[in-house]
Amino acid sequence: MDKTYFETKENENWKLLCEFNEHTNLFDKIGRMHEYYHSDATGQTTNKLGETRKFNIELKTRNVTLTKSGNFMGDKFNENTLFIESHKIADLLLDQVIGYEGLYVNFLNNNVVVIYNVGKLSVRPKLEKKRIPSRGYQGFEMAFREGLHIKDAAIYKDYKLVKSVGEEWTKN
């Protein structure tokens, strides 16, 4: 296992989240989680009525491009779903018990950010067993992944919201 690969990715993802938040002000506050916590970051927002929402955030950088037709294109990738490890979505959903909403934030090619609130999915995740190349584990792994549909994502392009949660994809 290449531990430095994972550490480098965690640092890159944190920087991308900070840059994204700097441009969008999606969160009033963000913080980085310690190394062995199940999510990568936390966020908080407070609305004009003083109501606060807290988030636990899983971050992922992908060598994937969102096409005009709403498919995700990359290495062996051509679907309208992004995948998350089964145990990570379970952890994010369990966070709701302690008052945190679970977000799955994906940084794609061409300055596209795809965000899922896993507690508010309208399309049931599609469970698949996949053979996945892993640079960190230096080989392939067979693992279960949950496919999250594009309909349930908020999508940002160049820091501008181009699709809200629940909207169908239109050729942006």
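I begin with the salt bridge between K126 and E79, whose closest N and O atoms are 3.4 Å apart; the term denotes a side-chain nitrogen of Lys or Arg within 4 Å of a carboxyl oxygen of Asp or Glu. This pair links distant parts of the chain, 47 residues apart, with K126 in strand β10 (residues 126–134) and E79 in strand β6 (residues 77–79). Strands here are DSSP E runs of at least two residues and helices are H or I runs of at least four, numbered from the N terminus. K126 counts as partly exposed because its relative accessibility is 37%; buried means under 20% relative accessible area, exposed over 50%, and partly exposed in between, with a 1.4 Å probe and protein chains only.

This is a predicted model, in which local features need pLDDT of at least 70, side-chain atom pairs count only at pLDDT 80 or more, and totals for chains, interfaces and linings use all residues. Residues are numbered from 1 along each chain as its sequence is written, and side-chain values use heavy atoms, leaving out hydrogens and water.

The structure holds nine salt bridges. Among them, E168 pairs with K151 at 3.8 Å between the closest N and O atoms. E168 lies in the segment after β13 (160–163) and K151 in the loop between β11 (139–149) and β12, so this bridge ties together parts 17 residues apart in sequence.

I turn now to helix α1. Its buried residues are N13, W14, L17, F20, N21 and T24.
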